[in-house]
Amino acid sequence: MKPHVLCVNPYIHDFTAYDFWMKPLGLSWLAAYLMDHGYDISFVDCLDRHHPLLLQKLGITKAKSHRNGCGSLPETIIPKPKEYANIKRHYRRYGIPIELFQEILNTIPKPQAILVTSIMTYWYPGVFETIALLREKFPGVPLALGGVYATLCPEHAALSEPDVVISGPGEIKALRWLDQITGLQHEYPSDEILAPEDLPQPYHQYISPGSSAVVATSLGCPLACSYCASKNLQPRFRQRPLDQVMKEILYLAHQKHILNISFYDDALLVNAERHFMPLLEMIIHKNLAMRFHTGNGIHSSLMTPKLAKLMKQAKVETIRFSYERAPVFSPHDTPKVEDYDLAHAMECFREADGDGPRSKIDAYVKAWLPGQTLEEVVDGFVYVNSLGCYIRITDYSPVPGTPDFEKIMQLYGLNGKEPLYHNKTTLPYFLNYSEDDVIQPLKHLANALNHSLDLGINLFSNSRMSKLFISAVHKLVK
Ligand code: B12
Ligand code: SF4
């Protein structure tokens, strides 16, 4: 009999969380690699809002989803950690009811080991709770914790009392650890990072009917922005062979009947002529009944008219760019609003749209950066809107291990060792911005500008109007 390993995607504890194509891709990769190496896998996703047993309990046949596959996660209000005591918002556990998790665990034979993944560092209370539940059900079973939180905050992650915290790309490290427990023997590559052609197809079998899926055509990023942890998580940029990516997409289309796929790449458009563009051509050729999404944001500087056209033809429906005029530590003496890369990317899509309906493009506009004034945020909104682009506010989240991190935490007077302070939602509260006077009005302004685009009104395409509006805002703020 093959040794049996239980893989678990834990609960999230936060003020807000939403299924924006959220899938535990790293854990699925690990599971597939272990299956290829003689292990039996059980896979439980605590965030699976499409789980058949959950739907049965709720008396529904289908989870409510947006056409793009996104939707609300089941949630329960829970007490706040003391660090958040002054934030007047509900704190919640997101995921399937605890009793259902326990019921599912009851159907699983006792495993020889348990692997728990982790994503955002500040979601760690959910990781701790999940590990405690697993310990209660399977006392004495060795348990490893890996993933983003475990990699970026290994010392803190050890407080959840796993048997081991494993940092970084985990396929080979997990196999080594499991082999020590089970006595299986393998030859391990000397390099702990697998070559892209040796990566298996992730274990998508667990995905429940009606769910969306995620695909990464590459891992890591060739760039090194000072606020980003990509290099700490995936030290090398690896683009996967396109035939393997296409095989995976076809499996999701034909075997799992998935309608929405989000790309999880850090750097989807790098080397596009030889990577993403041929993939899009293959997708177009197969004429799949699927929509694609770039929920994670793509590089506007790498757009070309040809790429925009292919993306449209392949039904890449969610297109999100960063508005790059707001680096974390910006030289505020020369404020500049225009982002010519974003303007150029928009041009590429307008050309691809021709006389047809306009593509809906979003731009991530950063807020709460050190030294950033509210006027600068509003200037950014107006500029993005003037391009006909939808605003998505990106609440800044300081990421541990990045060059900016210590500087930021010091500047903000926050304890960097406590991951709860990395939370994007809480930062404006810790900076003492008022919910009623600043946080909500900023959201309303972005929503109103976005709605104007829905109505076909581009308020600021006229630069005189932009100037009038900005000067009115500046006066108001003063
Ligand atoms: C896709 C993505 C998202 C998706 C959702 C991801 C999800 N599952 O929930 C979306 C677009 C929604 C998103 C949103 C945000 N994200 Co994000 N996101 C990513 C991204 C690009 C990829 C994550 C991923 O799945 N990678 C692919 C898999 C293969 O990698 P992996 O999970 O790390 O798994 C490997 C290893 O960790 C290990 N492993 C994993 N599990 C286990 C388990 C065991 C036992 C072992 C041994 C090993 C192991 O092996 C795996 C294979 O090699 C990462 C960057 C990155 N390169 O990781 C940022 C990242 C995680 N996001 C980040 C940030 C900042 C955000 C936002 C806050 C941005 C913002 N300001 O709004 C929001 C937060 C959303 C929220 N609700 O709070 C930060 C982390 C922040 C933090 N403090 O933890 C990252 C690291 C990017 C960065 N800027 O540095 N994100
Ligand atoms: S922010 Fe984007 S471009 Fe910069 S290093 Fe991270 S993934 Fe790469």
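This is a predicted model: local features need pLDDT of at least 70, side-chain atom pairs count only at pLDDT 80 or more; totals for chains, interfaces and linings use all residues.
Trainee: How do you know where domain 1 and domain 2 lie in the chain?

Mentor: The bounds come from an automatic or database domain assignment. Domain 1 covers 4-182 and domain 2 covers 207-477. Their centres, taken over C-alpha atoms, are 26 Å apart.

Trainee: What makes up the contact of these domains?

Mentor: Domain 1 gives 28 residues and domain 2 gives 33 residues. On the side of domain 1 that touches domain 2, helix α5 (residues 148-152) contributes the most, with three residues. That side of domain 1 has 15 nonpolar, eight polar and five charged residues.

Trainee: Why is the crossing of α9 and α10 called right-handed?

Mentor: A crossing gets that name because the near helix is turned clockwise from the far one by less than a right angle. The axes of helix α9 (residues 242-254) and helix α10 (residues 276-286) cross at roughly 35° and come within 10 Å. The crossing of α9 and α10 is right-handed.

Trainee: Which residues make that contact, and how are they classed?

Mentor: From α9 come Leu-242, Val-245, Met-246 and Ile-249, and from α10 come Pro-278, Leu-279, Met-282 and Ile-283. Leu, Val, Met, Ile and Pro count as nonpolar, so the contact of α9 with α10 has eight nonpolar, no polar and no charged residues.

Key
Residues are numbered from 1 along each chain as its sequence is written. Chains are lettered from A and ligands numbered from 1 in the order in which they are written. Two residues are in contact if their C-beta atoms, placed from the backbone, lie within 7 Å. Helices (H or I, at least four residues) and strands (E, at least two) are DSSP runs, numbered from the N terminus. Axes are lines fitted to C-alpha atoms, for helices over the stretch in contact, and angles run from 0 to 180 degrees between N-to-C directions.
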